[in-house]
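Subject: Handing over a structure, with notes on what is in it

Dear colleague,

Please find the structure below, followed by my notes on what I found in it.

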Amino acid sequence: MKKAVLVVSFGTSYKETREKTIEACENKIRNAFEDYDFFRAFTSNMIIRKLKNRDNIHIENPIEALERLYKEGYSEVIVQTLHIICGEEYTKLKEQISQYEDKFENITLGRPLLSQIEDYKETVEALKLQIPELEKDEAVVFMGHGTEHEAHSAYPALDYMLKQENIRAYVGTVEGYPEIEEVIVNLKKDNVSKVRLMPFMLVAGDHAINDMASDEEDSWKSILNKKGFDTKVHLQGLGENKYIQDKFVKHALDCKEVVNGGGC
């Protein structure tokens, strides 16, 4: 029986961070599935086009990858997402996979980083290991992508769990709630004057480089500086955290025990 593991991420056009994050996660999953053939796909057609036009690198989208696996006669397919929450991208992937359930003997979808309560607890533990020792008036602000999808509650839930663990960290989003303005209110309320900015995203790509860390007027760094905060930037995607990498491996391995379906 031909078996395949397909790792799906949003993707990034930044080579260095792609190697440190997406490819690092992919390699760990590949090594954990030695008896499976390995494949990858990106969900962002914009990034796929950019890589093709700029670098002549061809990466399939999930439908293309699944269609190829079907035509090549694979019977078992484990799809592991590298998405962070059960948001729009993950929901779309789940729907795409459902179209192929009758074409494979078994196809399963591993859950994203944050789905079950245990995922949040383990992610908090992983974040502890990348947060440096903080001064009394210093805190970390994580930038999440955010979403209009109902899964937006993942961000304030994570923020709450960090506080429960007495970690001086706040979670904001670029496209959703809480926004940087809400985060600033809480920073001032807690007498924080120094901020370390970190992306709560798999890769340190466009959002981290431009929306978080740039000198543009509307970047989080600039906004915080104007509000009187001393800021330091850490351009490290979650995919560089070995414990986050291990969580995606665990989610993929969970699929081995699932006969039909999977995911959130």
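A residue is called buried when its relative accessible area is under 20%, exposed when it is over 50%, and partly exposed in between, using a 1.4 Å probe and protein chains only. This is a predicted model, in which local features need pLDDT of at least 70 and side-chain atom pairs count only at pLDDT 80 or more, while totals for chains, interfaces and linings use all residues. Residues are numbered from 1 along each chain as its sequence is written, and side-chain values use heavy atoms, with hydrogens and water left out.

Let me begin with the charged pairs. The structure holds 22 salt bridges, a salt bridge being a side-chain nitrogen of Lys or Arg within 4 Å of a carboxyl oxygen of Asp or Glu. One of them joins aspartate 119 to arginine 111, with the closest N and O atoms 2.9 Å apart, and both of these residues are buried. In another, glutamate 122 meets lysine 247 at 2.6 Å, N to O. Because glutamate 122 lies in helix H6 (residues 117-128) and lysine 247 in helix H11 (residues 242-254), this pair ties together parts that are 125 residues apart in sequence; helices here are DSSP runs of H or I with at least four residues, strands are runs of E with at least two, and both are numbered from the N terminus. Glutamate 122 is partly exposed at 27% relative accessible area, whereas lysine 247, at 4%, counts as buried. Elsewhere, aspartate 55 forms a salt bridge with arginine 54, at 2.8 Å between the closest N and O atoms; aspartate 55 is partly exposed at 33%, and arginine 54 is partly exposed at 45%.

Next comes the sheet. Four strands form an open sheet in the order S2-S1-S3-S4, with parallel pairing, where two strands pair if DSSP finds at least two bridges between them. Strand S2 (37-42) and strand S4 (106-110) stand at the edges with a single partner strand each, so one side of each is left without a neighbour in the sheet. Further in, six bridges join strand S1 (residues 3-9) to strand S3 (residues 76-81), and valine 7 stands opposite glutamine 80 in S3. Helix H5 (residues 88-98) packs on this sheet and touches S1, S3 and S4, a contact meaning heavy atoms within 4.5 Å.

Which residues have the most contacts inside the largest nonpolar core? They are Ile29, Phe142, Leu162 and Phe200, in a core of 45 residues. A nonpolar core is a set of buried Ala, Val, Leu, Ile, Met, Phe, Trp, Tyr and Cys residues joined through side-chain atoms within 4.5 Å. A second, separate core has 19 residues, including Ala41 and Val79. Leaving aside neighbours within four places in sequence, phenylalanine 200 is in contact with several residues, among them Ile84, Leu113, Phe142 and Leu238. In soluble globular proteins, nonpolar side chains tend to be buried together.

With best wishes

Note on methods. Axes fitted to C-alpha atoms, helices over the stretch in contact; angles between N-to-C directions.
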